[in-house]
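Please read the following briefing alongside the sequence and the coordinates.

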Amino acid sequence: MLNKRNLVLLALALVGVVLWFALRKGNPDDAPTAVAPTDANIVELSREAQQNAKLKVVEVTTRALERTLVATGVVAADQNREAHLRPLSRGVANRALVQLGDRVERGTPLLAYDNIEMGELSGEYVSVLNEVQRLQAQAEVSRRLVERARELLKVEGISQKEFELREAEYQQAQSAVKSKQAELERVEEKLHRLGVSDDDLKDLVAAGTRTHRKASPDLMRAPFAGVVTKYDVAPGELLGPEREVFTVVDTSVVWVLADIYERDLGKVREGLTARVKVPAYPDTIFTGKITYVGDVLDADSRTAKLRCVVLNPDGRLKLEMFATVEIPLPVRGEAIVVPAAAVQVVGDLQVVFVQKGETQFEKRVVEVGERSGEWIEIRSGLRAGERIVSEGAFYVKSALLKDQISGEE
């Protein structure tokens, strides 16, 4: 049996245990660390989950940052390679020989038409030519009379006055020939402007009055190889120099016209190389050269036009395509940079996920700077040497948001 002293000690021990449990219940902050609440900025991912999400972790480094100015634009025709074709003279359309969108070579016939003015000039040319030949024959007769009169004057067969009269008649005949030849040259020049060659004129003269043939075929031809981008003619329509019938564009070289904001005009200049991307070929980069920066700003958008010349030998760039123009600017000093995919948006904040342990990742708010291709400058929030999630950051973000929602419930 327990003596009285042992019973007192046992009772005191029991009271101490009860008091200890009572104190622990009233002070939860003193609970063991094993049951402490989890940090809301920490995401726990097992190795298996990381493998399934294909997470990639890289070390934060510093590097020289190539700044890039990005602008939007549209593909346009090179105005030096765009021909707006009109008839050189009045006529009536017979038939079109091409269709909208056709590719043509230099000299390809585009339109057959009845050239009224050429017909009139052809007839006038033959008429004036005949008159020149008639006057030349008269001048030749007059020249012979002068030569004969000169011989008679030597033997006093005619008077000096009569000789001078014949000589004056010869000079008048020569003047008439020169005047008519000048008129013939004016008509010939008009025909040349309508596309008539010297060989065509020879054929016209050879035909003489036996036919109503004109000086050359009535055809409009392509001035160079390209694509027919405008077609506005129908058989029987009256055509004239004031009416544009076809537009032919050489698309082997195109312009990309981009809008540059006023604040960025000091960063660009003629001669810089630019990268051009279009949605139709997301994996292709076209290289161009800046040849012009606009001198006038748009009053509403406060932008100036920038012209970038791009080679397009295979014709993949189509006119009116939307394009993105990336202009690399001079390299600046070293900065902390991370892959663009590493930066995620949570709420109104931009964050990266820093690896704190093999299975733990911390959400870190950062201030981003300029972007250069696939890299983004980090101005604050990270230190060189820390390890961050570079691929799969969106998966980590999703896990973080899921944990936060579960915690709220």
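The notes below begin with the basis of the model and then go through it topic by topic.

This is a predicted model, in which local features need pLDDT of at least 70 and side-chain atom pairs count only at pLDDT 80 or more, whereas totals for chains, interfaces and linings use all residues. Residues are numbered from 1 along each chain as its sequence is written, and side-chain values use heavy atoms, with hydrogens and water left out.

**Overall make-up**

- The protein contains six helices and 24 strands, where helices (H or I, at least four residues) and strands (E, at least two) are DSSP runs numbered from the N terminus.
- Of its 409 residues, 34% count as buried, a term that means under 20% relative accessible area, with exposed meaning over 50% and partly exposed lying in between (1.4 Å probe, protein chains only).
- Among contacts with a separation of 6 or more, 73% are between residues 24 or more positions apart, contact meaning heavy atoms within 4.5 Å.
- The accessible surface comes to about 25300 Å², and 51% of that area belongs to carbon and sulfur atoms; the areas come from the Shrake-Rupley method with a 1.4 Å probe, and for residues only the protein chains shown count as cover.

**The barrel and its strand pairs**

- Six strands, in the order 4-13-16-15-14-17, close into a barrel with antiparallel pairing, two strands being paired if DSSP finds at least two bridges between them.
- From one strand to the next the twist averages 40°, with axes taken as lines fitted to C-alpha atoms (for helices over the stretch in contact) and angles running from 0 to 180 degrees between N-to-C directions.
- Strand 4 and strand 13 run antiparallel and are joined by five bridges, and alanine 77 stands opposite valine 254 in strand 13.
- Strand 13 also pairs with strand 16 in the antiparallel sense, over nine bridges; here tryptophan 255 stands opposite valine 309, and alanine 258 has leucine 306 as its bridge partner.

**Nonpolar cores**

- The largest nonpolar core has 24 residues, and those with the most contacts inside it are Val256, Val276, Leu306, Val310 and Ile327; such a core is a set of buried Ala, Val, Leu, Ile, Met, Phe, Trp, Tyr and Cys residues joined through side-chain atoms within 4.5 Å.
- At least two residues of this core come from each of strands 4, 13, 14, 15, 16 and 17, and strand 13 gives the largest share, four residues.
- Beyond its neighbours within four places in sequence, valine 256 is in contact with residues including Val74, Val276, Leu306, Val310 and Val325.
- A second, separate core of 16 residues includes Leu111, Ala222, Val233 and Val245.

**Two individual residues**

- Valine 352 lies in strand 20 (residues 349–355) and counts as buried because its relative accessibility is 0%.
- With neighbours within four places in sequence set aside, the contacts of valine 352 include Ala342, Val343, Leu382 and Ile388; valine 365, 13 residues from valine 352 in sequence, lies 6.6 Å from it, C-alpha to C-alpha.
- Arginine 243 is found in the loop between strand 11 (238–239) and strand 12 (246–249), and, not counting residues up to four places away in sequence, it touches residues including Leu85, Arg86, Pro87 and Asp232.
- A polar atom of the arginine 243 side chain lies 3.1 Å from the backbone oxygen of aspartate 232.

Technical notes
Polar contact = N/O pair within 3.5 Å; in protein donor to acceptor, adjacent residues only side chain to side chain.
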